[in-house]
Amino acid sequence: MLNEVTISKAIIDSYYKKLTDNLDIDVAIVGGGPSGIVAGYYLAKAGFKAALFERKLSIGGGLWGGGMMFNDVVIQEEGKTVLDEFEVKTKLYEPGYYTVDSVYLTASLIKSASEAGLTIFNLIAMEDVVIKSDRVAGLVINWGAVKTLDWHIDPLTMHSKYVLDATGHPAYVAEVLIRKMGVKLNTSTGGMVGEKSMEADTGERQTVENTREVYPGLFVSGMAANAVCGGYRMGPVFGGMLLSGKKAAEEMIKGLKKNV
Ligand code: 48F
């Protein structure tokens, strides 16, 4: 006979352990879009302790919706190399252009990242960062629903050696850091340069180029990298997002190996 109280205790004990195990880690990823998930996959696969915090119920960000709700996305040749590593099947549309069902792609990325060892927290929003000796050193977190309802409830705090801003167009982590700390970022203006209009080819290249440490302890990836460092948007072609997540992980791994 199933006991309802045992079911409740199992969930509470399991979640409590997961949360306490992730309060002091190598990398805290903010945002569960494609660049954040891919970064988490490579970090976990390399043996580093990474957790991803997503404020919404579902992980996947802008990936589920394809282009204007047509639930397919396009991947170019360079991006396909990452999908091959994830063993995601693509269909050749014409030379240099592959299509993938966006639901299958999102689910596959999440599955691979989880199985590699990335801990994923949905329904938790980052609301602020921790600063130690002029370095981003962790996150101030709260329930996503609390932020949406704007309730006055104090947050909890976790520590990490690096934070990755993978929050997409709003670049929320970098925005908070500039607004509250008035710091200069490693960008052409020292501030948030801002996202440009559509130019897919340049935008894809810039997404990867702009993926970098913009302040000690803070990396940016995906559309957040273009919003912070200045880059064109590219719409529903996703290779740049995947390659950006991979680059962010590789750069952070270099720092973690040097014991930042
Ligand atoms: O925007 P998003 O999918 O991130 P991305 O990896 O990918 C961009 C593409 O989807 C698309 C595009 C491709 O051509 O341009 O836009 O850059 O996902 C960002 C995720 O971050 C979450 C948000 O809900 C979304 O799922 N997020 C945003 N702010 C917070 C957050 C926050 N404060 N705390 C936690 N999650």
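1. In what order do the 3 strands of the open sheet stand? The order is β3-β5-β4, and the pairing is antiparallel. Strands here are DSSP runs (E, at least two residues) and helices are too (H or I, at least four), numbered from the N terminus. Two strands count as paired if DSSP finds at least two bridges between them.

2. A word on the model before going on: it is predicted, so to speak of local features takes pLDDT of at least 70, side-chain atom pairs count only at pLDDT 80 or more, and totals for chains, interfaces and linings use all residues. Residues are numbered from 1 along each chain as its sequence is written, and side-chain values use heavy atoms, with hydrogens and water left out.

3. Now the pairings. β3 and β5 run antiparallel and are joined by 5 bridges; V73 has V100 in β5 as its bridge partner. Strand β4 (residues 91-94) and strand β5 (residues 97-101) also run antiparallel, with 3 bridges, and E94 sits opposite Y97 in β5.

4. Look next at helix α4 (residues 102-116), which lies across β3 and β5 and runs at about 80 degrees to β5. Axes are lines fitted to C-alpha atoms (for helices, over the stretch in contact), and angles run from 0 to 180 degrees between N-to-C directions.

5. Another pair to check is helix α7 (residues 200-209) with helix α8 (residues 222-229): they pack at an angle of about 90 degrees, with axes 8 Å apart. The two are therefore roughly perpendicular, a label for angles of 65 to 115 degrees. G203, Q206 and T207 of α7 make the contact with G222, A225 and N226 of α8, contact meaning heavy atoms within 4.5 Å.

6. Finally, the ligand. It is surrounded by 27 residues, and the closest are S35, E54, G62, M223 and G235; to be near, a residue needs a heavy atom within 4 Å. A polar backbone atom of G62 is 2.7 Å from an oxygen atom of the ligand. A backbone N or O atom of R55 is 3.2 Å from a ligand nitrogen atom, and a polar side-chain atom of H169 is 3.2 Å from a ligand oxygen atom.

Definitions and conventions. Angles under 35 degrees count as roughly parallel, over 145 as roughly antiparallel, 65 to 115 as roughly perpendicular and the rest as oblique. A polar contact is a pair of N or O atoms within 3.5 Å; within protein, one must be able to donate a hydrogen and the other to accept it, and residues adjacent in sequence count only if both atoms are side-chain atoms.
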